[in-house]
Amino acid sequence: MSITNEYELTGMQKVSEAVAYTLKKMTHYAKPGMTTKDLDDYGAKILAGFGARSAPHLTYGFPGWTCISVDNEFCHGIPTEERILKEGDLINIDVSAELDGFWADNGGSFVIGNDIHGHQKLVDASKDILKKAISHIKGGVKIADIGLLMETEAKKRGFKVIKNLGGHGIGRSLHEEPEELLNYKNRFDFRRFKKNSVVAIETFISTSSNIAVELNDGWTMAGNKGGYMAQHEHTLFITDGEPVILTQMNEILN
């Protein structure tokens, strides 16, 4: 969406606060021995406290309130009683919601407990790349140039990017134009970021795969060549200078 007045800005700030606070609290709450269903239920209560409604549940009928993906699951993981978190697991939580007609999206990957499997390097790369990408985004910047920056930074660190997942416009629905804000340079994409627009920018940084494929449950995605992936996502309000990070409260880049 394009923000044109104070009412719209306030609406986006409120829903962004709801998803950011929920993600932050879920990240701190996650512990070894807990099921992903426990974690999802905790997040659902926080969203409900804001009066917010789960975006994937509302939009797609997703069988959970938040997406929780563990280890080789890349994204869109379904929270279940069967999935028990273990020390050293790589986990991704993606929280998106609607509140009073406005929508926001954010996510983050982190290691549960001690990093006994060496995932922190991947997590840190994803954080650093998102931070760098955000610092280069403003009105008039080519979308494809940000994709190039993301892929270049990933390669420098020995990682790949997932090429069939990307960020997106957001605001009055979960997915809006501009769609496919990719983590690599699409040479046929001549679009530019627009001042006063709202977008969800996210990384998809991988150890082995470059395509995400859907598993048999119809939701969860994993890598075409296996391995692990880290994702970090902020909802941004684009200006003619540095963007306003509407989901700053989630502290995913700390």
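Analyst: On a 1 Å grid over the protein atoms alone, a pocket is an open set of points with protein on both sides within 12 Å along at least five of seven lines, and its lining residues have an atom within 4 Å of a point. Grid points are joined across faces, edges and corners, and a volume is the space filled by probe spheres set on the points. This is a predicted model, in which local features need pLDDT of at least 70 and side-chain atom pairs count only at pLDDT 80 or more, while totals for chains, interfaces and linings use all residues. Residues are numbered from 1 along each chain as its sequence is written, and side-chain values use heavy atoms, with hydrogens and water left out.

User: OK, what volume does the largest pocket have, and which residues lie nearest its centre?

Analyst: The volume of the largest pocket is about 580 Å³. Its lining has 30 residues, of which Tyr-60, His-76, Leu-165, His-168 and His-175 lie nearest the centre.

User: And how does that lining split by class?

Analyst: There are 11 nonpolar, 11 polar and eight charged residues in the lining of the largest pocket, where Ala, Val, Leu, Ile, Met, Phe, Trp, Tyr, Cys and Pro count as nonpolar, Asp, Glu, Lys and Arg as charged, and the others, Gly among them, as polar.

User: What about the second largest pocket, which residues are nearest its centre?

Analyst: Thr-27, Phe-110, Lys-127, Glu-251 and Ile-252 lie nearest the centre of the second largest pocket, which is lined by 15 residues and has a volume of about 220 Å³. Strand S5 (102-111) supplies at least two residues of this lining, and with four residues its share is the largest; strands are DSSP runs of E with at least two residues, helices are runs of H or I with at least four, and both are numbered from the N terminus.

User: Is Cys-67 buried or exposed?

Analyst: Cys-67 counts as buried because its relative accessibility is 7%, and Cys-75 likewise counts as buried, at 7%.

Key
Buried means under 20% relative accessible area, exposed over 50%, partly exposed in between (1.4 Å probe, protein chains only). On a 1 Å grid over the protein atoms alone, a cavity is a set of points where a 1.4 Å probe fits but cannot get out, and a pocket is an open set with protein on both sides within 12 Å along at least five of seven lines; lining residues have an atom within 4 Å of a point.
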